[in-house]
Amino acid sequence: MSLSEADRKSVVAYRLERAEATFAEALGVAERGWYNLSANRLYYAVYYAASALLVSKGLPTHGAMQA
């Protein structure tokens, strides 16, 4: 299934918002010394940002919803 340009922009914006929020979570838990949790949040921040990039270029991503 292919996305319209408007839908693609919405998905990219959402995933970039998630990347930024998740990065902020990583910083917050790192300040508390919870480094394993911080690494987990960093992993997901990168995942969201990378998936936004793929969607912005019209490339497929894996998951329940192909976007």
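Which side chain does the side chain of R41 make a polar contact with at 2.9 Å? The partner is the side chain of E25, where a polar contact is a pair of N or O atoms within 3.5 Å (within protein, one must be able to donate a hydrogen and the other to accept it, and residues adjacent in sequence count only if both atoms are side-chain atoms). Before going further, a word on the ground rules: this is a predicted model, so local features need pLDDT of at least 70 and side-chain atom pairs count only at pLDDT 80 or more, while totals for chains, interfaces and linings use all residues. Residues are numbered from 1 along each chain as its sequence is written, and side-chain values use heavy atoms, with hydrogens and water left out.

Let's start with helix α1. It runs over residues 5–31, which makes 27 residues; helices (H or I, at least four residues) and strands (E, at least two) are DSSP runs, numbered from the N terminus. From the first C-alpha of α1 to its last is 39 Å, close to the 39 Å expected at 1.5 Å a residue, the expected span being 1.5 Å times one less than the number of residues. After α1 comes G33, with a positive phi near 85 degrees.

Some of α1 is tucked away. Its buried residues are V11, V12, R15, A19, T22, A26, G28 and V29, where buried means under 20% relative accessible area, exposed over 50%, and partly exposed in between (1.4 Å probe, protein chains only). These buried residues pack against α2, which spans 35–56.

K9 and S56 are 47 residues apart in sequence, yet their C-alpha atoms are 7.2 Å apart. For E17 and Y48, 31 residues apart along the chain, the C-alpha separation is 8.6 Å.

In soluble globular proteins, nonpolar side chains tend to be buried together. Here the largest nonpolar core has five residues, namely L3, V11, V12, A52 and V55; α1 and α2 each supply at least two residues of this core. A nonpolar core is a set of buried Ala, Val, Leu, Ile, Met, Phe, Trp, Tyr and Cys residues joined through side-chain atoms within 4.5 Å. Looking at V12 in particular, and skipping its neighbours within four places in sequence, the contacts are A52, V55 and S56, with contact meaning heavy atoms within 4.5 Å.

Charged side chains deserve a look as well. Side chains of opposite charge can pair when their charged atoms come close. The structure holds two salt bridges, each being a side-chain nitrogen of Lys or Arg within 4 Å of a carboxyl oxygen of Asp or Glu. One of them joins R8 to E5, with the closest N and O atoms 3.6 Å apart. R8 and E5 are separated by about one helical turn because they are three residues apart in helix α1. E5 is partly exposed, at 46% relative accessible area.

The other salt bridge brings back the opening pair, R41 and E25, whose side chains meet at 2.9 Å, N to O. R41 lies in helix α2 and E25 in helix α1, so the pair ties together parts that are 16 residues apart in sequence. R41 is buried, with a relative accessible area of 17%, whereas E25 is partly exposed at 36%. The side chain of R41 also makes a polar contact with the side chain of N40, at 3.0 Å. Not counting residues up to four places away in sequence, R41 touches T22, E25 and A26.

Last up are the aromatic rings. The structure holds four aromatic pairs. Among them, Y43 and Y44 form an edge-to-face pair, 5.0 Å centre to centre with 80 degrees between the planes. Rings of Phe, Tyr and Trp (its six-membered ring) pair if their centres lie within 6.5 Å; planes under 30 degrees apart count as stacked, over 60 as edge-to-face and the rest as tilted. Y43 is exposed at 54% relative accessible area, and Y44 is partly exposed at 32%. The rings of Y47 and Y48 have centres 5.6 Å apart and planes at 65 degrees, so this pair is edge-to-face. Y43, Y44, Y47 and Y48 form one aromatic cluster.
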